[in-house]
Amino acid sequence: MADSYAVNLPFDILPMIFKRLPTPDIYSCALANKACYAAAKPLIWSHIDHKNYTYLIRRPELAGYVYYATEDYSLWFNADTNHFDWHN
């Protein structure tokens, strides 16, 4: 019965729902099916750290989703301002 609700949701609604979820829940939703993964992929890859760089080399199509990338968890690139910002 619960599956029928998810099937009836328009795909465009899924990213709006996922944006309101904590990151671990977004990962769980991405594992549900291909449509959920496609909707969650931009959110999952929008913020990466140094552990994901080698994976991006193997999957360069995911780099288009990256909004923030950190090297040591303190330096962030803000794509809106095109500047690096320091965070604690």
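User: Happy to dig in! Which residues of helix α4 are buried?

Analyst: This is a predicted model, where local features need pLDDT of at least 70, side-chain atom pairs count only at pLDDT 80 or more, and totals for chains, interfaces and linings use all residues. Residues are numbered from 1 along each chain as its sequence is written, and side-chain values use heavy atoms, leaving out hydrogens and water. Helices (DSSP runs of H or I, at least four residues) and strands (E, at least two) are numbered from the N terminus, and buried means under 20% relative accessible area, exposed over 50%, partly exposed in between (1.4 Å probe, protein chains only). In α4, residues 34-44, the buried ones are C36, A39, A40, K41 and I44.

User: Nice. What do the buried residues of α4 pack against?

Analyst: Contact here means heavy atoms within 4.5 Å. The partners of these buried residues are α2 (13-18), α3 (23-30) and β1 (47-48).

User: And how are the rings of W45 and Y55 arranged?

Analyst: Rings of Phe, Tyr and Trp (its six-membered ring) pair if their centres lie within 6.5 Å; planes under 30 degrees apart count as stacked, over 60 as edge-to-face and the rest as tilted. W45 and Y55 have ring centres 5.4 Å apart and planes at 10°, so the pair is stacked.

User: Great, and what about the rings of Y67 and Y68?

Analyst: Y67 is partly exposed at 29% relative accessibility, and Y68 is partly exposed at 25%. Their ring centres are 4.7 Å apart with planes at 90°, so the pair is edge-to-face.
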